[in-house]
Amino acid sequence: MATHYTMEEGRSVLASLREISPDRRLRFTEALRIAELQATKLLKLLRVEGDATPSEVVTELPRIRVIYRSIPTSGMSYWDGSEWVICINKFEPLTRQRFTLFHEYKHIVDHGRAERLYATPQQAEQVADYFAGCALM
């Protein structure tokens with residue numbers, strides 16, 4: 001796996017992805033395009049090539065901890081005071097778990113700004129789905 005920092009700027013992957021999104025309300029199509037750009041940049045920064053994006057793209061990032069538990073949803077993410085925690089439903093199929101991992105990472109990218117970026121919580125969920133799809137395809 002490649003380094004977790006951009007060579008050109010010395011910023012973290014998370015900061016590099018966050019800077020793509022403007023600090024204003026986005027039209028839905030604009031939000032989808034930004035999610036696609038963020039997914040592409042994530043893969044480029046970590047030098048991911050080929051057809052299958054490994055889960056390690058997210059799981060090996062600094063300050064990210066992934067746990068698998070029995071939870072009532074596919075996943076959730078939160079800051080525990082020292083690192084981001086992504087919790088994934090361990091009873092779902094592995095393909096769904098991978099999708100959820102990237103979906104939750106998009107919520108981390110948008111953390112603290114989602115209410116400004118998206119008109120509704122449903123839009124934030126749809127954009128996170130789109131990001132996951134772009135990163136995995």
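Q: At what angle do helix 4 and helix 6 pack?
A: This is a predicted model; local features need pLDDT of at least 70, side-chain atom pairs count only at pLDDT 80 or more, and totals for chains, interfaces and linings use all residues. Residues are numbered from 1 along each chain as its sequence is written, and side-chain values use heavy atoms, without hydrogens or water. The axes (lines fitted to C-alpha atoms over the stretch in contact, with angles from 0 to 180 degrees between N-to-C directions) are 8 Å apart. Helix 4 and helix 6 pack at about 125°.

Q: Is helix 4 parallel or oblique to helix 6?
A: Under 35 degrees is roughly parallel, over 145 roughly antiparallel, 65 to 115 roughly perpendicular, and the rest oblique. The angle of about 125° therefore makes helix 4 to helix 6 oblique.

Q: Where is K106, and is K106 buried or exposed?
A: K106 sits in helix 4 (residues 94-110). Its relative accessible area is 1%. Buried means under 20%, exposed over 50%, partly exposed in between (1.4 Å probe, protein chains only). So K106, in helix 4, is buried.

Q: Which residues of helix 2 meet helix 4?
A: Helix 2 (residues 28-45) packs on helix 4 at about 105°, so the two are roughly perpendicular. On the helix 4 side are F102, Y105, K106 and V109. From helix 2 come A35, Q38 and L42.

Key
Helices (H or I, at least four residues) and strands (E, at least two) are DSSP runs, numbered from the N terminus. Contact means heavy atoms within 4.5 Å.
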